[in-house]
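Here is a report on one protein chain.

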Amino acid sequence: MEQIAVVGAGLIGCAWATVFARAGHSVMLYDINPDALTASRDTIKAGLIKLYAAGLITSPPDAVLKQISASSTLEEAVRGAALVQENVRETVEAKQEIYALLDRLASPDAMLASSTSGIPASSFTADLKGRHRCFVGHPVNPPSVAPVVELVPAAWTDPVVIERARALYASVGQVPIVVQREIQGFIVNRLQGALLAEAFRLVEEGYVSSADADKAIKDGLGLRWAFMGPFETIDLNAPGGIRDYCGRYGPLYLDIARQAEPRAWNDALLDKLEQERLAVLPADQRPARQAWRDQRLMDLIAHKRKAANE
């Protein structure tokens, strides 16, 4: 099994270490902050215990944890790694700084992936000698539960590197999607952003409450989207398939799109949404609800895996 380096021991870094370790890879975890590195072991173990209880891993948590080693230096962490998964803070300057080091210290054939949720690789790899092996590997949070990872190359990223990365992520149980070229927000955030923009508009203009808008997704669209994407959904929703669906509903959706002018989320709207959400979930109950969310996600992933084998 190839060795993996994970740079940055925050929540995303710990989740990535879990992903690779549970698949049998040796993982070297590094963080510039020694306290974060020390705390990471407890964070990872707590996550592994939950995954084991949900049936998402079959190896005991302590056995998986043995696959992960903490490194006191970046040079040691990346030595011999086939993939370096970077998780430092979300600024171009921070990415430029760490990638200059990674390009110098990592093996020449090591793949260098950034977990950034929105910064294109072209903005921090342009001047690197090994820029051809750099790309974005953006996960849905947390990658130890949600398997999608977006592979976003810069214009100079070698397609062979993207194919190697796709195969590696798939081999550890992730679901890689290849973005053909750079675009702001990548794919997942753009799709989520389109839905959020309409949800905010419908609440702002008094068509629906935030609670009922949530119901439209969790008890409606989201049920299908948990196992089908939008194109498969509409392909199955008309007798003649996707062309038939678009012939029936295309004009309606075109009219809706013309009505949805871009707008900022203003303070008055945010005040309204905040009060509605606090009425449903007081602030002091948010951590418990987050834990509930994570458990439900694990249960859903376990169900999908079981269903895929039936």
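## The sheet

β4 and β5 pair in the parallel sense, over four bridges. Two strands count as paired if DSSP finds at least two bridges between them. Helices (H or I, at least four residues) and strands (E, at least two) are DSSP runs, numbered from the N terminus. Within this pair, Glu-86 has Ser-114 in β5 as its bridge partner.

This is a predicted model: local features need pLDDT of at least 70, side-chain atom pairs count only at pLDDT 80 or more, and totals for chains, interfaces and linings use all residues. Residues are numbered from 1 along each chain as its sequence is written, and side-chain values use heavy atoms, with hydrogens and water left out.

β4 (residues 83–86) also pairs with β1 (residues 3–7). These two strands run parallel and share four bridges. Val-6 sits opposite Gln-85 in β4.

The whole sheet is open and has eight strands. Their order is β3-β2-β1-β4-β5-β6-β7-β8, and the pairing is mixed. β3 (68–71) and β8 (175–178) stand at the edges with a single partner strand each, so one side of each has no neighbour in the sheet. From one strand to the next, the twist averages 25°.

What covers β5? Both of its faces are covered. Met-111 and Ala-113 lie on one side, Leu-112 and Ser-114 on the other, and all are buried. Buried means under 20% relative accessible area, exposed means over 50%, and partly exposed is in between (1.4 Å probe, protein chains only). In a regular strand the side chains alternate between the two faces of the sheet.

Helix α7 (residues 159–171) lies across β1, β4, β5 (111–114), β6 (134–139), β7 (148–153) and β8. It runs at about 170° to β7. Such axes are lines fitted to C-alpha atoms, for helices over the stretch in contact, and angles run from 0 to 180 degrees between N-to-C directions.

## Helix α8

Helix α8 covers residues 188–204. At 1.5 Å a residue, its 17 residues should span 24 Å, and its end C-alpha atoms are 24 Å apart, which agrees. The expected span is 1.5 Å times one less than the number of residues.

Which residues of α8 are buried? Phe-200, Arg-201 and Val-203 are. Seen down the axis, the buried residues of α8 fall within an arc of 160°, so they line one face of the helix. The arc is that of the directions from the helix axis to the C-beta atoms. The buried residues pack against α9 (210–225), α11 (242–259) and α12 (267–280). Contact here means heavy atoms within 4.5 Å. The face turned away from the buried side carries the exposed residues Leu-191 and Ala-194.

Leaving out residues up to four places away in sequence, Arg-201 touches Gln-259, Ala-260 and Arg-263. After α8 comes Gly-206, with a positive phi near 80°.

## Single residues

The table lists accessibility for some residues.

| Residue | Relative accessible area | Class |
|---|---|---|
| Cys-134 | 0% | buried |
| Phe-186 | 1% | buried |
| Arg-201 | 9% | buried |
| Ser-107 | 21% | partly exposed |
| Cys-246 | 41% | partly exposed |
| Arg-181 | 66% | exposed |

Two backbone features call for a look. Most residues other than glycine have a negative phi, and most peptide bonds are trans. Phe-186 has a positive phi near 60°. Its place is the loop between β8 and α8. The peptide bond from Asn-141 to Pro-142 is cis, with omega near -5°. Pro-142 sits in the loop between β6 and β7.

Arg-181 is also in the loop between β8 and α8. Arg-181 and Ala-155 are 26 residues apart in sequence, and their C-alpha atoms are 7.1 Å apart in space.

Ser-107 belongs to the loop between α5 (92–105) and β5. Its C-alpha atom is separated by 7.0 Å from that of Ala-81, 26 residues apart along the chain. Beyond its neighbours within four places in sequence, Ser-107 is in contact with Gly-80 and Arg-133.
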